Amino acid sequence: MLKHVPTREYRPTVTQLRTFVSIAEYGHFGTAATSLGISQPSLSQALVALESGLDVQLIERSTRKVIVTATGQELLTLAKATLASLDDFVAKAKGAQGGLEGGIAIGMIPTIAPYVLPEFLAKIRYQIPTLIPSVTEDKTEDLLDSLRHGKLDVALVARLDNNSGLKFEHLFTEEFVLVVPEGHRLAGRRNLKVSDIAQSELLLLDDGHCLRDQVLDLCRQTKHGGDIQNLTRATSLNTLIQLVAARQGITLVPLSAVAAEHRRPGVAFATFAGGATAAGRQMGYAFRSSSARGEDYAELGEIMKQAYYHAEHASREMLDELL
């Protein structure tokens, strides 16, 4: 009598899926191997095992470039979703006993991190001492990419529009403050209109900073809207303000930055009539739509909001003295 031997259907490993996603994302075997912390031969072996198990070609190899096949493109979306779900599964299990505890990876954009981070971390230590945050400061798109790939759990960013796979929860609206050289015609004003900035050279952050895009939205109401390629750019708010002090132009900064930056010699401030309604940005936290930790992130978001209001209060006090 013949003994029936069941056929076991192939199932890819997590390592194989991460290998495929990394190669597809980076387009280079060496870079993908480095990102995963493994050797290139190990990376190649994992990909071969995945393709052999599925009996499909996912990646075309050549001496010059890596190409994801049509089938690979279809499966790439599912592979990413599978890995994201697995990361959320682990994160949920870690927090199941007590909500926010253990390690959590938090991202913040550079135009708010320096001003709210000290108070935010202090509040975390006091309110949730069992939570161990690791913070990454980066441009918005890089933070969102890290969120999608499970490298971050949550990020403090400006308002998102139609970002697939991510949720955005609004926390507060922050007004912009104008920074000008001392003696400038707009220095000390409290009733600015957006059109008032049309007569001066506007200094902006470089491409990739969401604050740049937000300011350019305002610039569409001025002469700068049609000539944005000629505007001076910088990589940080600190550099922008130094350029203002050197009388190279004017710039807009978030309100939370004023308390930290007001002592710089050679600069003055002005505010807009209507505050954030006239010139401002919406801030909140983003996380993966597939995450089951929405309540945890809402609690963390409240602490982010408290930290921002602390910086906002300090900045308003400074402006009351300066204007």
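Author: Let's begin with helix 1 (residues 14–26) and helix 2 (residues 29–36), whose axes come within 8 Å and cross at roughly 130°. Helices here are DSSP runs of H or I with at least four residues, strands are runs of E with at least two, and both are numbered from the N terminus. An axis is a line fitted to C-alpha atoms, for helices over the stretch in contact, and angles run from 0 to 180 degrees between N-to-C directions.

Helix 1 passes helix 2 in a right-handed crossing, a term for the near helix being turned clockwise from the far one by less than a right angle (anticlockwise is left-handed). On the helix 1 side, the contact is made by Arg 18, Thr 19, Ser 22, Ile 23 and Tyr 26, and on the helix 2 side by Phe 29, Thr 31, Ala 32, Ser 35 and Leu 36. Contact means heavy atoms within 4.5 Å. These residues divide into five nonpolar, four polar and one charged. Ala, Val, Leu, Ile, Met, Phe, Trp, Tyr, Cys and Pro count as nonpolar, Asp, Glu, Lys and Arg as charged, and the others, Gly among them, as polar.

Before going on, a word on the source: this is a predicted model, where local features need pLDDT of at least 70, side-chain atom pairs count only at pLDDT 80 or more, and totals for chains, interfaces and linings use all residues. Residues are numbered from 1 along each chain as its sequence is written, and side-chain values use heavy atoms, with hydrogens and water left out.

Now for another pair. The axes of helix 5 (residues 113–127) and helix 10 (residues 294–322) come within 8 Å and cross at roughly 130°, so helix 5 and helix 10 are oblique to each other. Helix 5 passes helix 10 in a right-handed crossing. From helix 5, Tyr 115, Val 116, Glu 119, Phe 120, Lys 123, Ile 124 and Gln 127 meet Leu 300, Ile 303, Met 304, Gln 306, Ala 307, Tyr 308, His 310 and Ala 311 of helix 10. By class, this contact has 10 nonpolar, three polar and two charged residues.

Both pairs belong to a protein chain with 10 helices and 11 strands.

Notes: Parallel < 35°, antiparallel > 145°, perpendicular 65-115°, else oblique.
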